[in-house]
Amino acid sequence: MEGWTASSLLCLLAVRLFCGAAGVTECHDRALDIQAVEGSNVTVEWCFSSRANISISSLKIHCLMDPELKVFYHLDDIVRMDKEPPHEQFAGRVQCDKDALRTGRVQLHLSRVQMNDSGRYRCRMFTGSGRKVKPFSLSITAAVDEPKPLTPEPEPEPEPESRGRPGLYAGLGLAAVAAVVLALCRCLYTHKWKLLKLHQELHPEELHL
């Protein structure tokens, strides 16, 4: 059993080495359901061939957004009158990695994704060895603004004590002056009353005039 396992591993290793020397690459394909946040950049990637050193001139890619049939990306090096340009929604935002195409992979870079980019897409690829259809979907969620921390309103600064003291001193001064004036008036009134009484005692005869 151990000998069979070892020989199997050696055979598998030999196959991998032969494939690498022959320029054949492994191709892993999977479903493409991409989720992204509005305003970010995404890359849609899949494998369409296990061969390497593919001639780009013999490759044609036509991607549409279903069901609106908006052209997402179109690659065709042959000059044709019926060549469809990208829809205005995707114009200038989709770039294809040409180096990846030569290794049998498609890499489409979509920049600044928008909410209306959400949907299902279908790409048709044509090569000299056949054709392939690859669907994928984009799900774009709205960017949530981070809540700004609430800053408490600054409390009014207490007025320095020196600002209230002049008014206090002025009020106290006025009260003191009023008290002095009142005391002087009482003194004058008392003194005048005493003088009048003394005058009446000294000259009682003036009371009969």
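Of the contacts (heavy atoms within 4.5 Å) in the protein with a separation of 6 or more, 58% are accounted for by residues 24 or more positions apart. The structure is a predicted model, in which local features need pLDDT of at least 70 and side-chain atom pairs count only at pLDDT 80 or more, while totals for chains, interfaces and linings use all residues. Residues are numbered from 1 along each chain as its sequence is written, and side-chain values use heavy atoms, with hydrogens and water left out.

**Overall architecture**

- The protein contains three helices and eight strands, taken as DSSP runs numbered from the N terminus (helices: H or I, at least four residues; strands: E, at least two).
- Along the sequence, these elements follow the pattern α-β-β-β-β-β-α-β-β-β-α.
- Of the 209 residues in the protein, 22% are buried; buried denotes under 20% relative accessible area, exposed over 50%, and partly exposed the range in between (1.4 Å probe, protein chains only).
- The protein exposes about 15,800 Å², of which carbon and sulfur atoms supply 61%; accessible areas come from the Shrake-Rupley method with a 1.4 Å probe, and for residues only the protein chains shown count as cover.

**Cysteines**

- The count comes to one disulfide, defined as a pair of cysteine sulfur atoms within 2.5 Å.
- This disulfide is formed by Cys63 and Cys123, whose sulfur atoms are 1.9 Å apart.
- Cys63 lies in strand 3 (residues 60-66) and Cys123 in strand 7 (residues 119-127), so the pair ties together parts that are 60 residues apart in sequence.
- The torsion about the S-S bond of Cys63 and Cys123 is about 115°, and the disulfide is therefore right-handed.
- Cys63 is buried, at 0% relative accessible area, and Cys123 is likewise buried at 0%.
- The sulfur of Cys96 has its closest cysteine sulfur in Cys63, at 8.6 Å, which is too far for a bond.
- Cys96 also counts as buried, with 14% relative accessibility.

**Surroundings of Thr43**

- Thr43 is placed in strand 2 (residues 42-47) and is partly exposed, with a relative accessible area of 39%.
- Apart from its neighbours within four places in sequence, Thr43 is in contact with Ile34, Leu108 and His109.
- The side chains of Thr43 and His109 are joined by a polar contact of 2.9 Å; such a contact is a pair of N or O atoms within 3.5 Å, and within protein one must be able to donate a hydrogen and the other to accept it, with residues adjacent in sequence counting only if both atoms are side-chain atoms.
- Thr43 and Cys96 are 53 residues apart along the chain, and their C-alpha atoms are separated by 9.6 Å.
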